[in-house]
Amino acid sequence: MNDPKAPLSTPLADLIDARLSRRSALKGLLAGASGAALMGSGLAEAAGASSDPSSLQFAQPPHKIEQYQQVSTGHRGQVLIRWGDKVLADAPAFDPLNQSAAAQEKQFGYNNDFVAFMPLPRGSKNSGHGLLCVNQEYTNPELMFPGLTKTGAVKQMNQAQAEIEMAAHGHSVVEIRKTAEGWQVVESSQYNRRISALSTPMTITGPAAGHARLKTKADPTGRHIIGTINNCAGGVTPWGTVLIAEENFNNYFGGDPEGLPEAANYKRLGIKGKSAYSWSRFHERFDIEKEPNEPNRFGWVVEIDPYDPKSVPVKRSTLGRFKHEAATCVVAPNGQVVVYSGDDEAFEYIYRFVTAGKYNANNLAANRDLLDTGVLSVAKFSEDGSLRWLPLVFGQGPLTPANGFQSQADVLIETRRAADLVGATPMDRPEDVEANPVNGRVYVMLTNNTTRKPEQINKMNPRASNAYGHILELLPPGTQGNDGAPIAQHTADEFRWEVLLLAGNPSEPKHGAKYHPDTAEKGNWMAAPDNCCFDNRGRLWITTDQGSAQSKSGIPDGVYACDVSGAGRALPKFFYACPKDAEMCGPAFTPDNRTLFVAVQHPGEDADSTFNAPSTRWPDFSRSMPPRPSVVAITRNDGGVIGG
Amino acid sequence: MSSTPVRANNPTPPFARRKNGKLELWVCSRCGHVYDGNAGEPLTSTPPFTPFETLPASWLCPHCAAEKRYFFF
């Protein structure tokens, strides 16, 4: 298994499931060390029989990069659906040497990121039957098609391949059911749906809808958009819809912005005149010299009703236009709905949207357009531990015609510039931002920022050249201290904040990592926290994305879990390892916490890895199949609650 | 960045250039970040008119930390 190019003939995942973790074998030898909580409050929990202060007592898999996945001993990692698998009943069987856009539009797309489990029936807590809603963020043409290279693909590709890529983007809705053998896809389901960048009609609502800056030759109304691209993470609304978030949409647009009215807007978002995709060669709308407003139609949060396969997805412009990592919802005590979102780039910001109206739990349909009215704010941190949400409202402060804003639509189309002007705090790549349903605090994954200079550090972003990332806790009023049930005031203007952990290897002083002091002995270190979710006890489950730095750190991306209160606070336990060169996305529990869905994205994405010679062939390990991004359903062998 | 990239105020071949004579734009094949040597890269303290080819081998993509070998034009 040491030669990454060696052909593989046998699936290994099941063998690995049975592997005994070195750490679990050592566990008995480490008794006696006491654990003190790190950088936070919390009374020591009763340690029980174990001296390990963590409430998470699963075995940790080897912290080592392999071509295959590695799951905590005692758990099963079932590959549930792979790129190319049937979504619609009439989809053809996947043949990597005979692909077409028409087939791909009926098959599971590429690079699965966000995963939501939406129970059936709607509104229930059913944990054995539901809809798996999955973002298909982007494509790796060099791994999808023979004969391409990673750095040459944009020029090497033909139109048919580009359109297969477009069809492989978007979102998939798949009905799934738990059986005695594991989870199964319901192939003939009325709910199953593919949403693509190639052909799915969408509308846009809110202040930017119909604005002149969104009008194109194909859509003189500025209200009807084809497709969605680069949907990274997302969120689930209390009324049972799914929010998917357009992130690095800038990558898809070719043509030179120089001289265009939108040049400054586009450059601020990274559209500089060269595209990472070939699409603009074949589809005029991705060439800004020919269709100069098309990029203004992307970078939004899109709402999808997975329970109605005929529903038209809606881009909600009120939530702003930037590189949305996610859009996570929580209902405030007063009934207003709050949506948190990070802007995934070095030195970008953290946003919060608060609806004007209130959530109606008794009439789900009444919430249909709740996201169309409300206030978007951006976070300004202070080193004294406070945080203010600064509203981005036309006419307030600097957001006036004097600065080029003529309306709220302008503020939303150029959200980043508006946030610059009000004085938001630049952060180390804000990715997932999620509210903990148990303690009410909001957790921010700050993935990394290797470009922060020593003179730019502050208490919120305390490391220069931050290669490993960190996690912040935002504390709405009502969530300080760990006593009693918090009533988190998510709509308040001012929060407090704390550092939960600084990632990196605690045994390497130069990393500057900070965790629970027992991490090296009883837990495991992580790098590049990206997405997260919570179990029913409010513990934090973190997934990581180191990118190409994986080869330098020597550790795989995967799933880590830690307590956020008590004696085990900030002591990460390693739970699942991705196969080589993959990032881990989409952690989503079923309501009973007996299944954890995770998304293995871009397995084999290395500079030299190709369709013919990939660095892994996970999950098929067949010579006729390239690696395939796939969603994995993790369950305990005894059927118990994951994490206990 | 520990080392300072070579500054080339008047870049000449073999540096890749665009049709308009300006330095070529290089794209990260991992994350799509575009390096514009004409404008330089404040995030990595790279001054204007720095050809991609002259960046030190230790230079990393400011967005995803990919190495130079991931870039193309």
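Two strands count as paired if DSSP finds at least two bridges between them, and strands themselves are DSSP runs of E, at least two residues long, just as helices are runs of H or I of at least four, all numbered from the N terminus. Okay, with that in hand, let's start in chain B. B:Leu25 sits opposite B:Asp36 in strand 2 of chain B. Strand 1 of chain B, residues 25-28, is joined to strand 2 by three bridges and runs antiparallel to it.

Quick housekeeping. This is a predicted model, where local features need pLDDT of at least 70, side-chain atom pairs count only at pLDDT 80 or more, and totals for chains, interfaces and linings use all residues. Residues are numbered from 1 along each chain as its sequence is written, with chains lettered from A and ligands numbered from 1 in the order written.

How confident is it? The model scores ipTM 0.86 and pTM 0.91. Chain B has an average pLDDT (the predictor's per-residue confidence, from 0 to 100) of 85, with 82% of the residues at 70 or above. Residues 1-5 of chain B, though, fall below 50.

On to the interface: 21 residues of chain A are in contact with 22 of chain B, contact being C-beta atoms, placed from the backbone, within 7 Å.

Now chain A. There's an open antiparallel sheet of five strands, order 1-28-27-26-25. Strand 1 (70-71) and strand 25 (529-534) are its edges, each pairing on one side only. Strand 25 pairs antiparallel with strand 26 (residues 540-544) over five bridges, and A:Phe534 has A:Leu540 as its bridge partner there.

Last stop, helix 6 of chain A, residues 159-168. Is it enclosed or open? Eight of its 10 residues are buried, so it's largely enclosed by the rest of the structure. Buried here means 20 or more other C-beta atoms within 10 Å of the residue's own, those atoms being placed from the backbone; 12 or fewer is exposed, and in between is partly exposed. Among the buried ones are A:Gln161, A:Glu163 and A:Glu165. The cover includes helix 3 (101-104), strand 4 (129-136), helix 4 (141-144) and helix 8 (279-282) of chain A. Just after helix 6, A:Gly170 takes a positive phi of about 115°.

Note on methods: Contact = placed C-beta atoms within 7 Å.
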